[in-house]
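We will go from stop to stop, selecting as we go.

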Amino acid sequence: HFDVEINKDDLNALATEIFDRKPNILGYRMADGRILNLLGEGRLVNLAAGKTATANDAEASTLGADKAVDGDTSSKSSRWASALGAGPHWVAVNLGQKETISSVRIFWEMRKATSYRIQISDNGTDYTDAKVIPNRPADREDVIVMDAPVTARYVRLYITSFTAEDPDGGVTWNTVSIYEMEIYDGVYEK
């Protein structure tokens, strides 16, 4: 739940004990013995952070899929970059267990993608489209909201086509790359 949905001051006052349950999860023990869990201090939690990521290719070994989930949204050295040449290219995240997914946030290095999809899978092999985007991202920080929440263990950004030219006037190079891929169980809002 968001800060506007939960009054944390009231929750603190009602709790008989407040304790760390796991990273980014606080436990609030109530007088009747119930424990309420508050995720990420009442904010959305990036389900992809630090998880295992794979890709079908990479421009260089230093620009592998692991860079897409390391929390760095702007460093040139911390990005996944596809191999040179026509795609499709993809990067996938293993969430470790089935999760509900409502939105995905992509930090593009450049807005070169001209058609891409968010795909989901339970086994990491058989993917289905959760959302198809038939044009360029409107912004380099791209929030993709599912039409309805979906459940999956694996989430893949599948780039079906892109241009070597950057529409914003950046460098021309026949790859596509992202700084970060974040996955949320709620709708992320900028």
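Two strands count as paired if DSSP finds at least two bridges between them. Keep that in mind for the first stop. Remember too that this is a predicted model.

Stop 1: Select β7 (113-121) and β8 (128-133). These strands run antiparallel, and five bridges join them. Now pick Q119. Which residue is the bridge partner of Q119 in β8? It is D129.

**Stop 2: the largest core.** Select V104, W108, L157, I159, I178, M181 and I183. They have the most contacts inside the largest nonpolar core, which has 32 residues. Now colour β6 (89-108), β7, β8, β9 and β10. Each of these elements gives two or more residues to the core. Which element gives the most? β9 does, with eight residues.

Zoom in on I159. Leaving out residues up to four places away in sequence, I159 touches W80, P88, H89, W108, A113, S115, Y116 and V176.

**Stop 3: another core.** Select L11, A15, M30 and L38. They are among the five residues of a core that lies apart from the largest one.

**Stop 4: the surface.** Select L84, V171 and W173. Together they make a nonpolar surface patch of about 320 Å². Find W173 in the loop between β9 (141-162) and β10 (177-184). Why does W173 count as partly exposed? Because its relative accessibility is 42%, and partly exposed covers the range between under 20% (buried) and over 50% (exposed).

Notes: Residues are numbered from 1 along each chain as its sequence is written. This is a predicted model: local features need pLDDT of at least 70, side-chain atom pairs count only at pLDDT 80 or more; totals for chains, interfaces and linings use all residues. Side-chain values use heavy atoms; hydrogens and water are left out. Patches are made of residues with over 30% relative accessible area and no salt bridge: like charges are joined within 9 Å, nonpolar side chains (Val, Leu, Ile, Met, Phe, Trp, Tyr) within 5 Å. Accessible areas come from the Shrake-Rupley method with a 1.4 Å probe; for residues, only the protein chains shown count as cover. A salt bridge is a side-chain nitrogen of Lys or Arg within 4 Å of a carboxyl oxygen of Asp or Glu. Helices (H or I, at least four residues) and strands (E, at least two) are DSSP runs, numbered from the N terminus. Buried means under 20% relative accessible area, exposed over 50%, partly exposed in between (1.4 Å probe, protein chains only). A nonpolar core is a set of buried Ala, Val, Leu, Ile, Met, Phe, Trp, Tyr and Cys residues joined through side-chain atoms within 4.5 Å. Contact means heavy atoms within 4.5 Å.
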